[in-house]
Amino acid sequence: MRAVVTVIGNDRTGIIYNVSKILAENDVNIEDISQTVMHDFFTMIMLVDMTNMSVDFNVLKAALEEVGQTIGMSIRIQHEDLFNAMHTI
């Protein structure tokens, strides 16, 4: 089971650390990552494997949203199937 994590906001130190820490604490593996910084604006997309996840999806989602609020970023997670369906024309 895979998911897509998106992170958007003003660039600052520790973004990747804070997001990956939550994922690691919940046994979610990062399979692929892409990030860009344009004029102090940070965007990141991660493809993660939730096969061995140690918590419920909604618990992980809430934890990511909470850390996002703490560091001033928008952090969202979506199941891969939902993400693909939303981006198919």
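1. Phe57 is found in helix H2, which covers residues 57-71. The model is a predicted one. Phe57 has a relative accessibility of 16%. It counts as buried because the cut-off for that class is under 20%.

2. Which residues does Phe57 touch, leaving aside its neighbours within four places in sequence? The contacts are Met50, Ile77, Gln78 and His79. Asp40 lies 17 residues from Phe57 along the chain. The C-alpha atoms of Phe57 and Asp40 are separated by 31 Å.

3. Now the sheet. Four strands make up an open sheet. Their order is S2-S3-S1-S4, and the pairing is antiparallel. Strand S2 (29-38) and strand S4 (73-79) stand at the edges. Each has a single partner strand, so one side of each is left without a neighbour in the sheet. On average, neighbouring strands of this sheet are turned by 10° against each other, direction ignored.

4. How many bridges link strand S1 and strand S3? Nine bridges join S1 (residues 2-10) to S3 (residues 41-49), in the antiparallel sense. Within this part of the sheet, Val4 stands opposite Leu47 in S3.

5. Helix H1 spans residues 15-25 and packs on the sheet. Helix H1 touches S1, S2, S3 and S4. The direction of H1 makes about 20° with that of S3.

Definitions and conventions
Residues are numbered from 1 along each chain as its sequence is written. This is a predicted model: local features need pLDDT of at least 70, side-chain atom pairs count only at pLDDT 80 or more; totals for chains, interfaces and linings use all residues. Side-chain values use heavy atoms; hydrogens and water are left out. Two strands pair if DSSP finds at least two bridges between them. Helices (H or I, at least four residues) and strands (E, at least two) are DSSP runs, numbered from the N terminus. Axes are lines fitted to C-alpha atoms, for helices over the stretch in contact, and angles run from 0 to 180 degrees between N-to-C directions. Contact means heavy atoms within 4.5 Å. Buried means under 20% relative accessible area, exposed over 50%, partly exposed in between (1.4 Å probe, protein chains only).
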